Amino acid sequence: VQLQASGGGLVQPGGSLRLSCAASGSIFAINAMGWYRQAPGKQRELVAVITSGGVTNYADSVKGRFTISRDNAKNTVYLQMNSLKPEDTAVYYCAAGVIETSTSNPYNSWGQGTQVTVSS
């Protein structure tokens with residue numbers, strides 16, 4: 001299963017971006033989907049996660065500014081980022097708990113990352 005992330009770019013402080021991540025390949029089901037980010041010199045951190053039932057959880061640093069959603073029919077997860085700050089600058093990675101067949105175990109699949117730069 002492959003995850004393809006898109007939507008990153010350069011935006012001014014206070015601006016918005018919407019990231020998308022589509023899963024493709026042999027997919028029986030997808031459990032939780034999420035977004036992580038890694039800034040230069042820092043560890044990768046969880047930004048937001050959404051379960052298959054739509055329950056969401058956010059890092060404190062993005063609460064009220066970012067919204068995670070998913071389209072189960074399209075195996076796609078989104079991250080709407082508003083009121084962006086320079087400290088949001090990072091490479092953003094999507095991840096998904098994938099089950100390929102009815103008898104296989106779930107595993108985590110990762111996207112390739114998309115750069116988000118917030119700068120004036």
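In this predicted model, a disulfide joins Cys21 to Cys94, with the two sulfur atoms 2.0 Å apart, and the count for the structure comes to 1 disulfide. The pair links distant parts of the chain, given that Cys21 belongs to strand S3 (residues 17-24) and Cys94 to strand S9, 73 residues apart. Among the charged side chains, the structure holds 4 salt bridges, while Arg70 is buried yet has no salt bridge.

**The disulfide**

- The torsion about the S-S bond of Cys21 and Cys94 is about 55 degrees, so this disulfide is right-handed.

**Salt bridges around Asp88**

- Arg37 and Asp88 meet through their side chains in a salt bridge, at an N to O distance of 3.0 Å.
- Arg37 lies in strand S4 (residues 29-38), whereas Asp88 lies in the loop between strand S8 (76-81) and strand S9 (90-99), so this pair ties together parts that are 51 residues apart in sequence.
- Arg37 and Asp88 are both buried, and for Asp88 the relative accessibility is 1%.
- Asp88 also meets the side chain of Arg65 in a salt bridge, here with an N to O distance of 2.7 Å.
- Because Arg65 sits in the loop between strand S6 (56-58) and strand S7 (66-71) while Asp88 sits in the loop between S8 and S9, the pair ties together parts that are 23 residues apart in sequence.
- Arg65, with a relative accessibility of 10%, counts as buried.
- Through salt bridges that share partners, Arg37, Glu45, Arg65 and Asp88 are joined into one network.

**The salt bridge between Lys63 and Asp60**

- Lys63 forms a salt bridge with Asp60, and the closest N and O atoms of this pair are 3.1 Å apart.
- Lys63 is partly exposed, its relative accessible area being 48%, and Asp60 counts as exposed at a relative accessibility of 65%.

**Arg70, buried without a salt bridge**

- Arg70 lies in strand S7, and the nearest side chain of opposite charge to this buried arginine is that of Asp71, 8.2 Å away.
- Not counting residues up to four places away in sequence, Arg70 touches Ile30, Asn31, Ala32, Met33, Ile50, Thr51, Ser52, Thr76, Val77 and Tyr78.

**The largest nonpolar core**

- The largest nonpolar core has 30 residues, and those with the most contacts inside it are Trp35, Val47, Phe66, Ile68, Leu79, Met81 and Tyr92.
- Two or more residues each are given to this core by strand S1 (2-6), S3, S4, strand S5 (45-50), S7, S8, S9 and strand S11 (114-118).
- Of these contributors, S9 gives the most to the core, with 5 residues.
- Val47, when its neighbours within four places in sequence are left aside, is in contact with Trp35, Tyr36, Arg37, Asn57, Tyr58, Ala59, Val62, Phe66, Leu79 and Tyr92.
- Arg37, one of the contacts of Val47, is also a member of the salt-bridge network that includes Asp88.

- Asn75 has a phi near 50 degrees, which is a positive value in a residue other than glycine, and its place is in the loop between S7 and S8.
- With a relative accessible area of 23%, Asn75 is partly exposed.
- Ser83 likewise has a positive phi, near 50 degrees, in a residue other than glycine, and Ser83 is placed in the loop between S8 and S9.
- The relative accessible area of Ser83 is 41%, and this residue is therefore classed as partly exposed.

Definitions and conventions: Residues are numbered from 1 along each chain as its sequence is written. This is a predicted model: local features need pLDDT of at least 70, side-chain atom pairs count only at pLDDT 80 or more; totals for chains, interfaces and linings use all residues. Side-chain values use heavy atoms; hydrogens and water are left out. Helices (H or I, at least four residues) and strands (E, at least two) are DSSP runs, numbered from the N terminus. Buried means under 20% relative accessible area, exposed over 50%, partly exposed in between (1.4 Å probe, protein chains only). Lys and Arg count as positive and Asp and Glu as negative; His and the chain ends are not counted. Contact means heavy atoms within 4.5 Å. A disulfide is a pair of cysteine sulfur atoms within 2.5 Å. A nonpolar core is a set of buried Ala, Val, Leu, Ile, Met, Phe, Trp, Tyr and Cys residues joined through side-chain atoms within 4.5 Å.
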